[in-house]
Amino acid sequence: MNRKRALISDTFKVKKRRNGAETFGGVDDEGGPADIKSTLEYLMTLFPRKLFNDTLPQIVLKHQLYSIHKDKTLVDKEVNKLREDGELLMFQLGFDAEAFGLVFASDYKAKVLAGQEGKGTQATVEKFLEKVVSLSTDLSFSKDKMLREFLFTDSEITQLVKSGVLTVRDAGSWWLSIPNSGKFTKYFIQGRKAVLGMVKKSKYSEVLKADIEERRTTSQVKFHMKYHIHDIVGAELVESIPTTSGILLRFVDS
């Protein structure tokens, strides 16, 4: 009941804020954009778990939320609240300084632990999940912080890098990372380029969203077409324009 009330309350706030601008995806019972957590859950249903043999947590990019909620400040505030509450983790994905991955903490921990079962690094990774991931919202960690504040040894840090929960940022610091996510990044970038190409090659470099969603995906597009559309709209690589025929996606020359 409280959740329903929160959704309805958010609907009225969103409607006032957007002045009738059109949106798509993540819609609540009232027809307006849902709250941020519900939108995350919706976007995660588009993540292709089977493509990665269910070894990866469901990943959403923060800017994909901007394709549904136009108030970026509100999105960032709600995302930070979910992170502070320990429900959500954020990762710098590496291929773009502005690309941040969002993963539910419980999903991340479950997938990391499943991947560590029976390995020599398991105890160290469990310690990291408990002492660092559960308590910190940092995207990266310095050697000094890992040694002095979290009380890890040099050899334990090496184990964490080997297991994929840390990746080198620069000399003496590491990013929090998602193990085995290299294939995700490869397929994501490949799919983004292909879908952008479809828009660019269309007449006047624009296409109705409904039309592109129905296109058969090529070998270059491994993810759900909607996943990529939320990406290119949220990253402002295309404009999303309301028309009487539906939402039009127009390629943006950079």
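Which side chain does a polar contact of 2.6 Å join to that of Ser173?

1. **What you are looking at.** This is a predicted model, in which local features need pLDDT of at least 70 and side-chain atom pairs count only at pLDDT 80 or more, while totals for chains, interfaces and linings use all residues. Residues are numbered from 1 along each chain as its sequence is written, and side-chain values use heavy atoms, with hydrogens and water left out.

2. **The overall picture.** The chain has eleven helices and nine strands; these are DSSP runs numbered from the N terminus, helices being H or I with at least four residues and strands E with at least two. Of the 254 residues, 48% are buried, where buried means under 20% relative accessible area, exposed means over 50% and partly exposed lies in between (1.4 Å probe, protein chains only). The chain exposes about 13,200 Å², and carbon and sulfur atoms supply 49% of that area (Shrake-Rupley method with a 1.4 Å probe; for residues, only the protein chains shown count as cover). Among contacts (heavy atoms within 4.5 Å) with a separation of 6 or more, 61% come from residues 24 or more positions apart.

3. **Strand S6 and its partners.** Two strands pair if DSSP finds at least two bridges between them. Strand S6 (residues 173-176) pairs with strand S4 (residues 140-142) in the antiparallel sense over three bridges, and Ser142 has Ser173 as its bridge partner in S6. S5 and S6 form a hairpin with two residues between them, and Gly172 in the turn has a positive phi of about 90°.

4. **A closer look at Ser173.** This brings us back to the opening question: the side chain joined to that of Ser173 by the 2.6 Å polar contact belongs to Asp170. A polar contact is a pair of N or O atoms within 3.5 Å; within protein, one must be able to donate a hydrogen and the other to accept it, and residues adjacent in sequence count only if both atoms are side-chain atoms. Ser173 lies in strand S6 and is buried, at 9% relative accessible area. Leaving aside neighbours within four places in sequence, Ser173 is in contact with Phe141, Ser142 and Val168.

5. The structure holds 14 salt bridges, each a side-chain nitrogen of Lys or Arg within 4 Å of a carboxyl oxygen of Asp or Glu. One of them joins Lys37 and Glu87 at 2.6 Å, N to O. This pair links distant parts of the chain, 50 residues apart: Lys37 is in helix H2 (residues 36-45), and Glu87 is in the loop between helix H4 (72-84) and strand S2 (88-92). Lys37 is partly exposed at 27%, and Glu87 is partly exposed at 30%.

6. Asp231 and Arg192 form a salt bridge with their closest N and O atoms 2.8 Å apart. Asp231 lies in helix H11 (residues 225-234) and Arg192 in helix H9 (residues 182-201), so the pair ties together parts 39 residues apart in sequence. Both Asp231 and Arg192 are buried. Arg250 and Glu206 also form a salt bridge, with closest N and O atoms 2.8 Å apart; Arg250 is in strand S9 (residues 246-251) and Glu206 in strand S7 (residues 206-208), 44 residues apart. Finally, a network of salt bridges links Arg49, Asp54, Asp107 and Lys111.
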